[in-house]
Amino acid sequence: MSYQNYVIAAYAVFVIVLGWDFVSTRLQIRRELRGARLRAAREAARPGKDAARELTR
C-alpha cells in the first residue's frame, strides 16, 4: 500500500493554498492603498474646508 498519490495531492493543495493566500493579500493591499490615495486626493481637492470652519466660529 503506497501513499504516494495522497502525499503528492496534499503537497499540491498546500502549494495552491499558500500561493492563493500570497496573491490575495497582495491584491487586498493594492486595493486599500489605491483607496487611501483616492481619499487623500479628494481631501486635498476639497476647496476651503478649513477656511469655512474658521469663519463659522
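Glu-43 counts as partly exposed because its relative accessibility is 40%, where partly exposed lies between buried (under 20% relative accessible area) and exposed (over 50%), using a 1.4 Å probe and protein chains only. This is a predicted model, so local features need pLDDT of at least 70 and side-chain atom pairs count only at pLDDT 80 or more, while totals for chains, interfaces and linings use all residues. Residues are numbered from 1 along each chain as its sequence is written, and side-chain values use heavy atoms, leaving out hydrogens and water.

**The salt bridge**
- The structure holds 1 salt bridge, meaning a side-chain nitrogen of Lys or Arg within 4 Å of a carboxyl oxygen of Asp or Glu.
- Glu-43 and Arg-46 form a salt bridge through their side chains, at 3.6 Å from N to O.
- Arg-46 counts as partly exposed because its relative accessibility is 41%.

**The overall fold**
- You will find 2 helices and 0 strands in the protein; these are DSSP runs numbered from the N terminus, with helices (H or I) of at least four residues and strands (E) of at least two.
- Tyr-3 sits in the segment before helix 1 (4-45).

**The surface**
- Of the protein's 57 residues, 0% count as buried.
- Tyr-3 counts as exposed because its relative accessibility is 54%.
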